[in-house]
Amino acid sequence: MKYWLLVLSGICLFAQTPEELAAQKAYRANINALLIFTSESGLSTGLYRFSKPGVRMQINSLPFIYHSEPYEKNLNLFISGGLAYSVTRLDSEVESSQLSQELTLDNKLQTYTAGLGMGLRYKSAWGVDFLGGAELLYSRVNTSVSSDDRIDKDIKELFGSEFNDNITYKLLFSAEYEKEMAGYRPYAKLGLRVYETKVGFDLGSLSSFVTQSDVTSLSLGSETPPLLRYNHNFLSLEGYIKANYLHGDITEVVGFHRFINLGALAYWNTPKSPSWAKRFYLEVSTIRAEGLEGYNLGTGFSLKY
């Protein structure tokens, strides 16, 4: 365990062996796996089981995105980021793999993440919104022998000395098309998210960007017309399917290249009151792949701008 922490924290001053480089590469991919499988919106809790490495991961997250008022006719700034906490455990005793080599049946891997970034959205004349931006994320990781999952105890351990600090930067690009048809709002979204994780705060290395993990996503869905009204507020529903394709080092860790999300949302739209919220929502989704099963349950709100 001490050897593993030594490798991950980058303390070694000499040339790394191929084994050490492989271990650090797997560690970075493990961090990126957490970031990729964290929900993109709302206060969310997710549970995932990766069957090939025999690992289960529980994630609690609070991501956000805020679009400012347009400062030009078709252009506006947006701010994105969020907080996340995860616990990773072995499902059963398995041979060492890239995702489980620092885990045993008696311990758990804790990860805390916080991020902030910004970007631009352009509304084109063809009805397609183009978004591009970047985020900087900080994470702390610790392997704890405690079997207690109390969140207050885990937060106290956040300030301990056995954590490894990491910095990740994320680039995101997307194109979104939505059109109203007979009261329904079908849409299609194509997106790309790229992650590069550095072990420790070697800020100088940020200039030498090399793609470490990325995911390409295609979403198809539709929102219904108002189904139930109360004063000026109304209920609408949305369903979607999302195909995701993984590239880079993460595929060696999770053991697959693609996965599918199926989800449904219930919106309580509030066009007049409260003045700061456009609507509130509840989201339920499931995730499936050859070697992965899981679900997400999320709630949140959209800000007016």
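This is a predicted model: local features need pLDDT of at least 70, side-chain atom pairs count only at pLDDT 80 or more; totals for chains, interfaces and linings use all residues.
User: What makes the meeting of K198 and E196 a salt bridge?

Analyst: A salt bridge needs a side-chain nitrogen of Lys or Arg within 4 Å of a carboxyl oxygen of Asp or Glu. The N to O distance between K198 and E196 is 3.1 Å, so this pair meets the rule. By that rule the count comes to 6 salt bridges.

User: How do you know that D165 and R140 form one too?

Analyst: Their closest N and O atoms are 2.8 Å apart, and therefore the pair counts as a salt bridge. D165 lies in strand 6 (residues 164-178) and R140 in strand 5 (residues 128-144), which makes this a link between distant parts of the chain, 25 residues apart. Strands are DSSP runs of E with at least two residues, helices are runs of H or I with at least four, and both are numbered from the N terminus.

User: Why is R140 called buried and D165 partly exposed?

Analyst: R140 has a relative accessibility of 15%, so R140 counts as buried. D165 has 24%, and therefore D165 counts as partly exposed.

User: What about R185 and E178?

Analyst: Their side chains meet in a salt bridge at 2.4 Å, N to O. R185 is partly exposed at 32% relative accessibility, and E178 is partly exposed too, at 40%. Salt bridges with shared partners join E178, E180 and R185 into one network.

User: Why is A175 called partly exposed?

Analyst: A175, found in strand 6, has a relative accessible area of 22%, so A175 counts as partly exposed. The C-alpha atoms of A175 and G191 are separated by 6.4 Å, although these residues are 16 apart along the chain.

User: What makes the nonpolar surface patch?

Analyst: F64, Y66, I79, L116, M118, W276, F301 and L303 make a patch of about 760 Å². Patch residues have over 30% relative accessible area and no salt bridge, with nonpolar side chains (Val, Leu, Ile, Met, Phe, Trp, Tyr) joined within 5 Å and like charges within 9 Å. Y66, at 32%, is partly exposed and is found in strand 2. At least two patch residues each come from strand 2 (55-67), strand 4 (108-123) and strand 13 (292-303).

User: Which residues line the largest cavity?

Analyst: N30, I31, L34, M57, S86, T88, L109, T111 and V141 line the largest cavity. Helix 2 (18-37), strand 3 (75-90) and strand 4 give two or more lining residues, and helix 2 has the largest share with 3 residues. The volume is about 50 Å³, and the structure holds 1 cavity of 30 Å³ or more. On a 1 Å grid over the protein atoms alone, a cavity is a set of points where a 1.4 Å probe fits but cannot get out, and lining residues have an atom within 4 Å of a point.

User: How many lining residues are nonpolar, polar or charged?

Analyst: The lining of the largest cavity has 5 nonpolar, 4 polar and no charged residues.

Notes. Residues are numbered from 1 along each chain as its sequence is written. Side-chain values use heavy atoms; hydrogens and water are left out. Accessible areas come from the Shrake-Rupley method with a 1.4 Å probe; for residues, only the protein chains shown count as cover. Buried means under 20% relative accessible area, exposed over 50%, partly exposed in between (1.4 Å probe, protein chains only). On a 1 Å grid over the protein atoms alone, a cavity is a set of points where a 1.4 Å probe fits but cannot get out, and a pocket is an open set with protein on both sides within 12 Å along at least five of seven lines; lining residues have an atom within 4 Å of a point. Grid points are joined across faces, edges and corners, and a volume is the space filled by probe spheres set on the points. Ala, Val, Leu, Ile, Met, Phe, Trp, Tyr, Cys and Pro count as nonpolar, Asp, Glu, Lys and Arg as charged, and the others, Gly among them, as polar.
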